[in-house]
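Colleague: I am new to this structure and would like a close look at a single part of it, the aromatic ring pairs and what surrounds them. Could you take me through that part with some care?

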Amino acid sequence: MLNFANQVQLDFVEEYGVDALLWVGNYGEVGAYAIGDLLAGNVNPSGRLADTFWREHWLNPVHANFATLIDTTNNASQWNMSTNSKSVRSIVYQEGVYMGYRYTETRYEDKILGTEKTGDFDYSAAVAYPFGYGISYTDFAYSDFSAARVSASGKAEAYYNVSVKITNTGSRAGKEVVQLYAQKPYIDYDKQYGIEKPAVELVGFAKTKTIKPGDSETVNITVNERDLATYDSYNARTYILEDGRYYLTVAKDAHAAVNNVLAAKEKTTGDGMTAAGSKNMVYSELKQYSDELYSHSAVNTDVEICAYHKQRKPRHAIRRKDRYDKGGRNGNVYFRHYLYARVHNA
């Protein structure tokens, strides 16, 4: 049993021949009762990992940025993992969006597609279990996948309705978590203006009811087209849709989602994929560039605007640390004045 809140290095699994793992998190005072039910088979587990579990942490680029700086010159050559009495412990946030599965799955797809400067990356050597991974005491099959765009109407924005049939093909009743991932096109425009995009992003999920062996349930998930837009901070300075093909796929985890998209791009295990994907679980659509369609907030969106209102603290004010800031001219103590606005778009 893995009894911890976060993910740990799992190189010991193969070293000691561990054939089954149960991640239980920090279960508190009574959580052990649930563990007993799981191990006894009274309950069928249906959870999914919210992190990427690495085989070895040194393969994770983030690991290198939890560093110790020998001095305070901000010289990148001075960063190392040594302990020094004169050092300043710091963290460098240089990964951008490429952390966790957004890194592993992106570099994996780049390797399969032959993208330049990908380097030598062995996915199976780096990742023990991908984001979204989870199994149970039964098996489920996916079929009858469909996806359709529902056009904007009145104040309602465009969205996609995704449907898939889940069948319990095992011998035990259980629940399945259906995960919906999206891929946005990564084009020269993104490289020119420093826009970061992972190979896939989780955009929706749903859990079935308890499905008996041999029975099925159809799961529907919706995703707003707005969620496919990308923020362009250096050029358009707003959310944009770009020229290219967008993909939606349902999968059991993030890695399976990438393999599905690669299958839709006619890639196979012969190209280096870790497993065959299912292009039958993929929907794709071409879009044209727009820096206007989603450049505004959604209709009737609540927006909180926080600003400092330079006024002396009223005597009757409640003393709360998060409400006050010491400082200002003559050491006055000011309070934060909150303004609220409701955005109405035509």
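Modeller: By the ring-pairing rule used here, the count comes to 11 aromatic pairs, and what follows rests on a predicted model. One of these pairs joins tyrosine 101 and phenylalanine 131, whose rings are 4.5 Å centre to centre with 25° between the planes, and the pair is stacked. Because tyrosine 101 belongs to helix H4 while phenylalanine 131 sits in the loop between strand E5 (127–129) and E6, the pair ties together parts that are 30 residues apart in sequence. Both tyrosine 101 and phenylalanine 131 are buried.

A second pair, that of tyrosine 189 and tyrosine 193, has its ring centres 4.8 Å apart and its planes at 50°, so this pair is tilted. Here both partners lie in helix H6 (residues 188–193), 4 residues apart, which is about one turn of the helix. Tyrosine 189 counts as buried because its relative accessibility is 17%, under the cut-off of 20%, whereas tyrosine 193, at 23% relative accessibility, counts as partly exposed.

Ring pairs also link Trp54, Tyr103, Tyr108, Phe121 and Tyr123 into a cluster. The 13 residues of H4 (residues 101–113) should span 18 Å at 1.5 Å a residue, and the end C-alpha atoms are 18 Å apart, which agrees. Just after H4 comes glycine 114, which takes a positive phi of about 75°.

In soluble globular proteins, nonpolar side chains tend to be buried together.

A word on confidence belongs with all of this: the mean pLDDT of the protein chain is 83, and 79% of its residues reach 70 or more. Over residues 307–346, however, pLDDT stays under 50, although the model has 64 contacts beyond four places in sequence for that stretch. Where pLDDT is low, the predicted coordinates should not be read in detail.

Key. Residues numbered from 1 in each chain as written. Predicted model: local features only at pLDDT ≥ 70, side-chain atom pairs only at ≥ 80, totals over all residues. Heavy atoms only, no water. pLDDT = per-residue confidence, 0-100. Contact = heavy atoms within 4.5 Å. Helix = DSSP H or I, 4+ residues; strand = E, 2+ residues; numbered from the N terminus. Expected span 1.5 Å × (residues − 1). Phe/Tyr/Trp six-rings, centres within 6.5 Å; stacked < 30°, edge-to-face > 60°. Buried < 20%, exposed > 50% of the residue type's maximum accessible area, 1.4 Å probe, protein only.
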